[in-house]
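Hi everyone, thanks for coming. I'd like to walk you through one model today, so let me put it on the screen.

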Amino acid sequence: MSTATGTVSVKKAANGKRRLRWPHYLLIASGMLVLLSLVRVIDDANPVTSSGTISAALRLAVPIFLAGLGGLWSERSGVINIGLEGMMILGTWTGAWAGYQWGPWIGVLAGIIGGALGGLLHAIATVSFGVDHIVSGVAINILGLGLTQFLAGLIFDKGEAKALGGGPRQSPPVDSIKTLTLPVLSGGKIGGWQSPDWLGSLEGHHWFLVSDIAGIVRGLTSDMSLLTLVALLLVPASFLVLWRTAFGLRIRSCGEDPYAAESLGVQVYRMKYAAVMISGGFAGLGGAFLVTVAAPFYQDGQTNGRGFIGLAAMIFGNWRPGGLTAGSLLFGYTDAMNVRGGGQSVHALLLFVAILLIAIAVWQGVKANRLRSGAAVDVARRRDMRGAYLGAVLSLVAAAALLIWFLLSDIVPGELVSFTPHLTTLLVLALASQRLRMPAANGLRYRRGEAR
(Lines give C-alpha, C1' and ligand atoms only; values in the text may rest on other atoms or scores of the structure.)
Protein backbone atom coordinates (compact mmCIF):
# COMPACT_ATOMS: atom_id res chain seq x y z
CA MET A 1 0.00 0.00 0.00
CA SER A 2 1.46 3.28 -1.05
CA THR A 3 0.51 6.73 0.04
CA ALA A 4 1.06 9.93 -1.84
CA THR A 5 1.92 12.98 0.17
CA GLY A 6 1.68 16.46 -1.26
CA THR A 7 4.55 18.82 -0.65
CA VAL A 8 4.55 22.55 -0.97
CA SER A 9 7.77 23.89 -2.46
CA VAL A 10 9.12 27.15 -1.19
CA LYS A 11 11.12 29.10 -3.73
CA LYS A 12 14.47 30.20 -2.51
CA ALA A 13 17.03 32.68 -3.74
CA ALA A 14 20.46 31.67 -4.98
CA ASN A 15 21.91 32.15 -1.48
CA GLY A 16 19.47 29.61 0.01
CA LYS A 17 17.24 32.17 1.71
CA ARG A 18 13.51 32.36 1.12
CA ARG A 19 12.56 34.66 -1.72
CA LEU A 20 9.72 37.09 -1.08
CA ARG A 21 6.82 36.92 -3.51
CA TRP A 22 4.17 39.49 -4.46
CA PRO A 23 1.79 38.61 -1.56
CA HIS A 24 4.62 39.24 0.89
CA TYR A 25 5.38 42.61 -0.66
CA LEU A 26 1.69 43.60 -0.58
CA LEU A 27 1.48 42.62 3.08
CA ILE A 28 4.61 44.65 3.91
CA ALA A 29 3.28 47.65 1.98
CA SER A 30 -0.05 47.45 3.81
CA GLY A 31 1.67 47.32 7.18
CA MET A 32 3.84 50.32 6.34
CA LEU A 33 0.76 52.26 5.20
CA VAL A 34 -0.98 51.57 8.53
CA LEU A 35 2.15 52.66 10.40
CA LEU A 36 2.47 55.81 8.31
CA SER A 37 -1.16 56.67 8.99
CA LEU A 38 -0.62 56.14 12.74
CA VAL A 39 2.44 58.41 12.70
CA ARG A 40 0.49 61.08 10.82
CA VAL A 41 -2.26 61.07 13.44
CA ILE A 42 0.20 61.14 16.38
CA ASP A 43 2.25 64.05 15.04
CA ASP A 44 -0.65 65.82 13.27
CA ALA A 45 1.43 65.89 10.07
CA ASN A 46 -1.28 65.74 7.41
CA PRO A 47 1.05 66.45 4.45
CA VAL A 48 2.72 63.04 5.00
CA THR A 49 0.01 61.25 2.99
CA SER A 50 -1.75 64.16 1.30
CA SER A 51 -2.62 63.98 -2.39
CA GLY A 52 -0.31 66.93 -3.05
CA THR A 53 2.65 65.10 -1.51
CA ILE A 54 1.90 61.89 -3.44
CA SER A 55 1.47 63.79 -6.71
CA ALA A 56 4.75 65.65 -6.14
CA ALA A 57 6.50 62.41 -5.18
CA LEU A 58 5.37 60.72 -8.40
CA ARG A 59 6.44 63.71 -10.49
CA LEU A 60 9.86 63.77 -8.80
CA ALA A 61 10.28 59.99 -9.00
CA VAL A 62 9.68 59.58 -12.74
CA PRO A 63 12.97 61.11 -14.02
CA ILE A 64 14.89 59.14 -11.37
CA PHE A 65 13.08 55.98 -12.42
CA LEU A 66 13.78 56.56 -16.12
CA ALA A 67 17.48 57.12 -15.46
CA GLY A 68 17.57 53.97 -13.33
CA LEU A 69 15.75 52.00 -16.02
CA GLY A 70 18.42 53.12 -18.47
CA GLY A 71 21.09 51.84 -16.08
CA LEU A 72 19.20 48.54 -15.77
CA TRP A 73 19.27 47.90 -19.52
CA SER A 74 22.94 48.79 -19.82
CA GLU A 75 24.18 46.81 -16.84
CA ARG A 76 22.10 43.77 -17.70
CA SER A 77 24.22 43.62 -20.87
CA GLY A 78 27.44 43.91 -18.84
CA VAL A 79 28.21 47.61 -19.41
CA ILE A 80 28.38 49.86 -16.34
CA ASN A 81 26.77 53.19 -17.14
CA ILE A 82 27.52 56.01 -14.74
CA GLY A 83 27.14 58.41 -17.65
CA LEU A 84 23.36 58.48 -17.10
CA GLU A 85 23.58 62.02 -15.73
CA GLY A 86 25.27 63.28 -18.89
CA MET A 87 22.80 61.45 -21.13
CA MET A 88 19.93 62.95 -19.16
CA ILE A 89 21.46 66.41 -19.58
CA LEU A 90 21.63 65.83 -23.34
CA GLY A 91 17.96 64.83 -23.23
CA THR A 92 16.96 68.06 -21.47
CA TRP A 93 18.68 70.26 -24.04
CA THR A 94 17.54 68.40 -27.18
CA GLY A 95 14.05 68.04 -25.74
CA ALA A 96 13.77 71.77 -25.07
CA TRP A 97 15.35 72.71 -28.43
CA ALA A 98 12.81 70.66 -30.39
CA GLY A 99 9.95 71.18 -27.95
CA TYR A 100 9.68 74.95 -28.12
CA GLN A 101 9.68 74.83 -31.93
CA TRP A 102 7.52 71.81 -32.80
CA GLY A 103 5.64 70.86 -29.65
CA PRO A 104 6.25 68.82 -26.49
CA TRP A 105 5.89 65.34 -28.01
CA ILE A 106 8.47 66.13 -30.68
CA GLY A 107 10.61 67.38 -27.82
CA VAL A 108 10.18 64.02 -26.05
CA LEU A 109 11.30 62.20 -29.20
CA ALA A 110 14.28 64.54 -29.58
CA GLY A 111 15.20 63.98 -25.92
CA ILE A 112 15.24 60.22 -26.47
CA ILE A 113 17.46 60.64 -29.52
CA GLY A 114 19.83 62.98 -27.64
CA GLY A 115 20.23 60.50 -24.80
CA ALA A 116 20.64 57.59 -27.24
CA LEU A 117 23.48 59.45 -28.97
CA GLY A 118 25.21 59.73 -25.59
CA GLY A 119 24.64 55.99 -25.14
CA LEU A 120 26.12 55.32 -28.59
CA LEU A 121 29.26 57.26 -27.66
CA HIS A 122 29.54 55.27 -24.42
CA ALA A 123 29.11 52.00 -26.33
CA ILE A 124 31.80 52.92 -28.86
CA ALA A 125 34.25 53.71 -26.06
CA THR A 126 33.54 50.71 -23.83
CA VAL A 127 32.45 47.95 -26.22
CA SER A 128 34.55 48.66 -29.31
CA PHE A 129 37.65 50.26 -27.81
CA GLY A 130 37.63 48.63 -24.37
CA VAL A 131 37.83 51.89 -22.41
CA ASP A 132 37.21 51.49 -18.68
CA HIS A 133 33.47 51.86 -18.11
CA ILE A 134 33.85 54.28 -15.20
CA VAL A 135 36.25 56.53 -17.12
CA SER A 136 33.95 56.60 -20.14
CA GLY A 137 30.91 57.37 -17.97
CA VAL A 138 32.66 60.27 -16.25
CA ALA A 139 33.69 61.60 -19.66
CA ILE A 140 30.07 61.41 -20.89
CA ASN A 141 28.93 63.40 -17.84
CA ILE A 142 31.53 66.10 -18.42
CA LEU A 143 30.81 66.20 -22.15
CA GLY A 144 27.04 66.41 -21.67
CA LEU A 145 27.34 69.29 -19.21
CA GLY A 146 29.86 71.27 -21.25
CA LEU A 147 28.22 70.68 -24.64
CA THR A 148 24.73 71.72 -23.51
CA GLN A 149 26.07 74.88 -21.84
CA PHE A 150 27.88 75.78 -25.05
CA LEU A 151 24.87 75.05 -27.27
CA ALA A 152 22.50 76.96 -24.98
CA GLY A 153 24.61 80.09 -25.30
CA LEU A 154 24.99 79.54 -29.04
CA ILE A 155 21.32 78.93 -29.89
CA PHE A 156 19.00 80.04 -27.08
CA ASP A 157 20.65 83.44 -26.61
CA LYS A 158 20.17 84.60 -30.19
CA GLY A 159 17.48 85.53 -32.67
CA GLU A 160 13.97 84.14 -32.33
CA ALA A 161 14.85 81.93 -29.37
CA LYS A 162 16.02 84.94 -27.35
CA ALA A 163 12.92 86.90 -28.33
CA LEU A 164 10.75 84.07 -27.01
CA GLY A 165 12.47 84.15 -23.60
CA GLY A 166 15.64 82.14 -24.13
CA GLY A 167 19.05 83.00 -22.71
CA PRO A 168 22.56 81.64 -22.18
CA ARG A 169 21.34 79.35 -19.39
CA GLN A 170 17.77 78.54 -20.37
CA SER A 171 15.56 77.81 -23.35
CA PRO A 172 12.33 79.46 -24.46
CA PRO A 173 9.22 78.03 -22.78
CA VAL A 174 7.99 74.60 -23.91
CA ASP A 175 4.29 73.74 -23.98
CA SER A 176 3.39 71.27 -21.25
CA ILE A 177 2.01 67.82 -21.99
CA LYS A 178 -1.67 67.33 -21.19
CA THR A 179 -2.77 65.83 -17.88
CA LEU A 180 -5.47 63.33 -16.97
CA THR A 181 -7.82 63.19 -13.97
CA LEU A 182 -9.89 60.10 -13.17
CA PRO A 183 -13.60 60.97 -13.41
CA VAL A 184 -16.05 60.41 -10.53
CA LEU A 185 -13.39 59.63 -7.88
CA SER A 186 -10.97 62.55 -8.32
CA GLY A 187 -13.25 65.22 -9.75
CA GLY A 188 -12.56 64.72 -13.45
CA LYS A 189 -14.89 65.66 -16.30
CA ILE A 190 -17.14 63.31 -18.27
CA GLY A 191 -18.10 65.22 -21.38
CA GLY A 192 -19.26 68.59 -20.08
CA TRP A 193 -20.19 67.29 -16.63
CA GLN A 194 -17.85 67.99 -13.69
CA SER A 195 -17.96 64.98 -11.36
CA PRO A 196 -17.70 65.44 -7.56
CA ASP A 197 -14.32 64.97 -5.91
CA TRP A 198 -15.18 62.06 -3.58
CA LEU A 199 -11.58 61.26 -2.74
CA GLY A 200 -10.83 64.88 -1.94
CA SER A 201 -13.76 64.94 0.46
CA LEU A 202 -12.54 61.80 2.25
CA GLU A 203 -9.01 63.15 2.44
CA GLY A 204 -10.21 66.39 4.01
CA HIS A 205 -11.66 64.59 7.05
CA HIS A 206 -8.17 63.35 8.10
CA TRP A 207 -9.54 60.03 9.35
CA PHE A 208 -7.15 57.28 10.35
CA LEU A 209 -6.14 55.14 7.35
CA VAL A 210 -9.27 56.00 5.30
CA SER A 211 -8.13 59.54 4.55
CA ASP A 212 -4.59 58.32 3.93
CA ILE A 213 -5.74 55.81 1.32
CA ALA A 214 -7.96 58.47 -0.26
CA GLY A 215 -5.06 60.95 -0.39
CA ILE A 216 -2.71 58.41 -1.98
CA VAL A 217 -5.24 57.29 -4.61
CA ARG A 218 -6.23 60.89 -5.36
CA GLY A 219 -2.57 61.88 -5.77
CA LEU A 220 -2.09 59.04 -8.27
CA THR A 221 -5.27 59.71 -10.28
CA SER A 222 -5.52 63.50 -10.52
CA ASP A 223 -3.58 65.78 -12.89
CA MET A 224 -1.32 62.95 -14.06
CA SER A 225 0.71 63.81 -17.14
CA LEU A 226 0.36 61.52 -20.13
CA LEU A 227 4.14 61.15 -20.17
CA THR A 228 4.01 59.95 -16.55
CA LEU A 229 1.55 57.26 -17.62
CA VAL A 230 3.86 56.24 -20.46
CA ALA A 231 6.80 56.04 -18.03
CA LEU A 232 4.84 53.81 -15.63
CA LEU A 233 3.93 51.46 -18.48
CA LEU A 234 7.64 51.03 -19.19
CA VAL A 235 7.94 48.94 -15.98
CA PRO A 236 5.96 45.91 -17.24
CA ALA A 237 7.24 46.51 -20.77
CA SER A 238 10.89 46.29 -19.69
CA PHE A 239 10.20 43.20 -17.59
CA LEU A 240 8.45 41.44 -20.46
CA VAL A 241 11.17 42.30 -22.97
CA LEU A 242 14.14 41.44 -20.75
CA TRP A 243 12.71 38.31 -19.07
CA ARG A 244 10.16 36.97 -21.55
CA THR A 245 11.68 37.47 -25.02
CA ALA A 246 14.63 35.99 -26.90
CA PHE A 247 16.06 39.49 -27.36
CA GLY A 248 16.03 40.10 -23.62
CA LEU A 249 17.57 36.70 -22.93
CA ARG A 250 20.45 37.49 -25.29
CA ILE A 251 21.06 40.83 -23.57
CA ARG A 252 21.06 39.26 -20.09
CA SER A 253 23.33 36.43 -21.24
CA CYS A 254 25.88 39.04 -22.36
CA GLY A 255 25.85 40.47 -18.85
CA GLU A 256 26.27 37.09 -17.18
CA ASP A 257 28.78 35.31 -19.45
CA PRO A 258 29.47 36.92 -22.84
CA TYR A 259 31.82 34.14 -23.96
CA ALA A 260 29.19 31.48 -23.31
CA ALA A 261 26.69 33.64 -25.20
CA GLU A 262 29.19 33.95 -28.06
CA SER A 263 29.58 30.17 -28.22
CA LEU A 264 25.79 29.90 -28.67
CA GLY A 265 25.80 32.29 -31.62
CA VAL A 266 24.78 35.52 -29.85
CA GLN A 267 26.17 38.68 -31.46
CA VAL A 268 27.55 40.07 -28.21
CA TYR A 269 28.78 43.37 -29.62
CA ARG A 270 25.43 44.01 -31.29
CA MET A 271 23.49 43.21 -28.10
CA LYS A 272 25.70 45.46 -25.97
CA TYR A 273 25.36 48.33 -28.44
CA ALA A 274 21.58 47.94 -28.50
CA ALA A 275 21.30 47.81 -24.71
CA VAL A 276 23.53 50.84 -24.09
CA MET A 277 21.73 52.92 -26.71
CA ILE A 278 18.37 51.95 -25.20
CA SER A 279 19.86 52.91 -21.84
CA GLY A 280 20.77 56.34 -23.17
CA GLY A 281 17.31 56.70 -24.70
CA PHE A 282 15.64 56.08 -21.34
CA ALA A 283 17.94 58.62 -19.65
CA GLY A 284 17.18 61.11 -22.43
CA LEU A 285 13.47 60.48 -21.91
CA GLY A 286 13.99 61.36 -18.24
CA GLY A 287 15.63 64.61 -19.35
CA ALA A 288 12.75 65.35 -21.73
CA PHE A 289 10.34 64.75 -18.82
CA LEU A 290 12.07 67.51 -16.88
CA VAL A 291 11.46 70.08 -19.65
CA THR A 292 7.92 69.05 -20.63
CA VAL A 293 6.33 68.06 -17.29
CA ALA A 294 8.43 69.11 -14.29
CA ALA A 295 9.29 72.56 -15.74
CA PRO A 296 8.35 74.25 -19.04
CA PHE A 297 11.91 74.96 -20.20
CA TYR A 298 15.53 73.80 -20.19
CA GLN A 299 17.71 75.30 -17.48
CA ASP A 300 21.38 74.84 -16.67
CA GLY A 301 21.82 72.34 -13.82
CA GLN A 302 18.26 71.09 -14.19
CA THR A 303 19.01 67.38 -13.64
CA ASN A 304 20.52 68.08 -10.19
CA GLY A 305 22.16 64.66 -9.87
CA ARG A 306 19.05 62.63 -10.73
CA GLY A 307 21.09 60.39 -13.00
CA PHE A 308 23.26 59.32 -10.06
CA ILE A 309 20.23 58.84 -7.80
CA GLY A 310 18.65 56.73 -10.56
CA LEU A 311 21.77 54.57 -10.55
CA ALA A 312 21.41 54.16 -6.78
CA ALA A 313 17.72 53.24 -7.21
CA MET A 314 18.71 50.58 -9.74
CA ILE A 315 21.21 49.06 -7.30
CA PHE A 316 18.63 49.20 -4.50
CA GLY A 317 16.19 47.36 -6.80
CA ASN A 318 18.77 44.59 -7.36
CA TRP A 319 18.86 45.22 -11.12
CA ARG A 320 15.15 44.45 -11.55
CA PRO A 321 12.33 46.78 -12.76
CA GLY A 322 10.02 46.26 -9.75
CA GLY A 323 12.67 47.00 -7.14
CA LEU A 324 13.90 49.94 -9.20
CA THR A 325 10.39 51.41 -9.22
CA ALA A 326 10.08 51.05 -5.44
CA GLY A 327 13.47 52.70 -4.91
CA SER A 328 12.60 55.59 -7.24
CA LEU A 329 9.30 56.19 -5.45
CA LEU A 330 11.11 56.19 -2.11
CA PHE A 331 13.60 58.80 -3.28
CA GLY A 332 10.84 60.84 -4.93
CA TYR A 333 8.78 60.75 -1.72
CA THR A 334 11.63 61.96 0.47
CA ASP A 335 12.37 64.69 -2.07
CA ALA A 336 8.70 65.72 -2.01
CA MET A 337 9.11 66.42 1.70
CA ASN A 338 11.06 69.53 0.66
CA VAL A 339 8.05 70.75 -1.28
CA ARG A 340 5.14 69.65 0.90
CA GLY A 341 5.25 69.94 4.67
CA GLY A 342 8.99 70.41 5.04
CA GLY A 343 10.34 70.07 8.57
CA GLN A 344 7.03 68.99 10.09
CA SER A 345 6.62 66.05 7.70
CA VAL A 346 10.22 64.92 8.16
CA HIS A 347 9.72 65.18 11.93
CA ALA A 348 6.86 62.67 11.67
CA LEU A 349 9.09 60.39 9.59
CA LEU A 350 11.55 60.25 12.50
CA LEU A 351 8.97 58.31 14.50
CA PHE A 352 8.12 56.18 11.46
CA VAL A 353 11.75 55.16 10.91
CA ALA A 354 12.29 54.57 14.65
CA ILE A 355 9.41 52.08 14.78
CA LEU A 356 10.72 50.35 11.64
CA LEU A 357 14.16 50.03 13.25
CA ILE A 358 12.61 48.47 16.36
CA ALA A 359 10.82 45.95 14.14
CA ILE A 360 14.10 45.19 12.35
CA ALA A 361 15.84 44.70 15.72
CA VAL A 362 13.15 42.22 16.82
CA TRP A 363 13.44 40.32 13.52
CA GLN A 364 17.24 40.19 13.80
CA GLY A 365 16.97 38.94 17.38
CA VAL A 366 14.54 36.17 16.40
CA LYS A 367 16.85 35.23 13.54
CA ALA A 368 19.88 35.08 15.86
CA ASN A 369 18.02 32.89 18.38
CA ARG A 370 16.91 30.54 15.61
CA LEU A 371 20.51 30.20 14.41
CA ARG A 372 21.69 29.63 17.97
CA SER A 373 19.21 26.82 18.55
CA GLY A 374 20.16 25.05 15.33
CA ALA A 375 21.18 21.38 15.41
CA ALA A 376 24.69 21.99 14.11
CA VAL A 377 26.37 25.27 14.95
CA ASP A 378 29.18 25.53 12.41
CA VAL A 379 31.50 28.44 11.67
CA ALA A 380 29.19 30.01 9.07
CA ARG A 381 26.18 29.76 11.39
CA ARG A 382 28.08 31.40 14.26
CA ARG A 383 29.16 34.21 11.95
CA ASP A 384 25.57 34.78 10.82
CA MET A 385 24.39 34.65 14.43
CA ARG A 386 26.88 37.31 15.54
CA GLY A 387 25.91 39.46 12.57
CA ALA A 388 22.23 39.18 13.48
CA TYR A 389 22.88 40.15 17.11
CA LEU A 390 25.02 43.08 16.00
CA GLY A 391 22.30 44.22 13.58
CA ALA A 392 19.70 44.04 16.36
CA VAL A 393 21.84 46.12 18.74
CA LEU A 394 22.66 48.76 16.12
CA SER A 395 19.00 49.01 15.09
CA LEU A 396 17.93 49.53 18.71
CA VAL A 397 20.59 52.22 19.26
CA ALA A 398 19.53 54.08 16.11
CA ALA A 399 15.84 53.75 17.05
CA ALA A 400 16.52 55.16 20.53
CA ALA A 401 18.40 58.12 19.06
CA LEU A 402 15.55 58.90 16.64
CA LEU A 403 12.94 58.59 19.39
CA ILE A 404 14.85 61.01 21.62
CA TRP A 405 15.17 63.43 18.69
CA PHE A 406 11.44 63.12 17.96
CA LEU A 407 10.41 63.72 21.58
CA LEU A 408 12.74 66.67 22.18
CA SER A 409 11.88 68.61 19.00
CA ASP A 410 8.82 69.86 17.15
CA ILE A 411 10.31 70.32 13.69
CA VAL A 412 13.38 69.28 11.71
CA PRO A 413 15.68 72.15 10.60
CA GLY A 414 15.46 73.10 6.94
CA GLU A 415 19.09 72.21 6.26
CA LEU A 416 18.44 68.60 7.24
CA VAL A 417 15.17 68.52 5.30
CA SER A 418 16.96 69.38 2.05
CA PHE A 419 19.53 66.66 2.79
CA THR A 420 16.86 63.99 3.39
CA PRO A 421 16.84 62.51 -0.17
CA HIS A 422 20.62 62.09 -0.19
CA LEU A 423 20.64 60.61 3.33
CA THR A 424 17.92 58.19 2.23
CA THR A 425 20.08 57.13 -0.72
CA LEU A 426 23.02 56.31 1.56
CA LEU A 427 20.92 54.47 4.16
CA VAL A 428 19.01 52.41 1.61
CA LEU A 429 22.16 51.30 -0.20
CA ALA A 430 23.82 50.40 3.10
CA LEU A 431 20.84 48.32 4.28
CA ALA A 432 20.33 46.63 0.91
CA SER A 433 23.97 45.78 0.24
CA GLN A 434 23.72 42.28 1.77
CA ARG A 435 21.17 40.97 -0.71
CA LEU A 436 22.46 42.46 -3.95
CA ARG A 437 23.59 40.43 -6.91
CA MET A 438 24.84 42.32 -9.94
CA PRO A 439 25.25 40.63 -13.37
CA ALA A 440 28.34 38.40 -13.19
CA ALA A 441 30.18 39.99 -16.14
CA ASN A 442 29.14 43.58 -15.37
CA GLY A 443 32.01 45.97 -16.12
CA LEU A 444 34.33 43.30 -17.53
CA ARG A 445 36.16 43.88 -20.81
CA TYR A 446 34.98 41.58 -23.62
CA ARG A 447 36.83 40.71 -26.81
CA ARG A 448 35.42 38.33 -29.39
CA GLY A 449 37.24 34.99 -29.50
CA GLU A 450 39.25 35.51 -26.32
CA ALA A 451 37.43 32.92 -24.20
CA ARG A 452 39.77 30.88 -22.06
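I'll start with the overall chain, then turn to a helix pair, some salt bridges and a surface patch.

A word on conventions: this is a predicted model, where local features need pLDDT of at least 70 and side-chain atom pairs count only at pLDDT 80 or more, while totals for chains, interfaces and linings use all residues. Residues are numbered from 1 along each chain as its sequence is written, and side-chain values use heavy atoms, with hydrogens and water left out.

The chain has 17 helices and 4 strands; helices are DSSP runs of H or I with at least four residues, strands are E runs of at least two, and both are numbered from the N terminus. Of the 452 residues, 45% are buried. Buried means under 20% relative accessible area, exposed over 50%, and partly exposed in between, with a 1.4 Å probe and protein chains only.

Now the helix pair. The axes of helix 10 (residues 246-256) and helix 12 (residues 268-294) come within 9 Å and cross at roughly 100 degrees. That makes helix 10 roughly perpendicular to helix 12, a label covering 65 to 115 degrees. The axes are lines fitted to C-alpha atoms over the stretch in contact, with angles running from 0 to 180 degrees between N-to-C directions. On the helix 10 side, the contact (heavy atoms within 4.5 Å) includes Phe247 and Ile251, and on the helix 12 side Met271 and Ile278 are among the residues involved.

How many salt bridges are there? The count is 6, taking a side-chain nitrogen of Lys or Arg within 4 Å of a carboxyl oxygen of Asp or Glu. One of them joins Asp212 and Arg40, at 2.6 Å from N to O. Asp212 sits in helix 8 (residues 210-221) and Arg40 in helix 1, so this pair ties together parts 172 residues apart in sequence. Both Asp212 and Arg40 are buried.

Compare Arg169 and Asp300, whose closest N and O atoms are 2.5 Å apart. Here Arg169 is exposed, at 55% relative accessible area, and Asp300 is partly exposed at 21%. There is also a salt-bridge network linking Arg76, Glu256 and Arg437.

Last, the surface. Val34, Leu38, Val41, Ile42 and Phe208 form a nonpolar patch with about 420 Å² of accessible area together. Patch residues have over 30% relative accessible area and no salt bridge; like charges are joined within 9 Å, and nonpolar side chains (Val, Leu, Ile, Met, Phe, Trp, Tyr) within 5 Å. The areas come from the Shrake-Rupley method with a 1.4 Å probe, and for residues only the protein chains shown count as cover. Ile42 belongs to helix 1 (residues 22-43).

Methods:
Angles under 35 degrees count as roughly parallel, over 145 as roughly antiparallel, 65 to 115 as roughly perpendicular and the rest as oblique.
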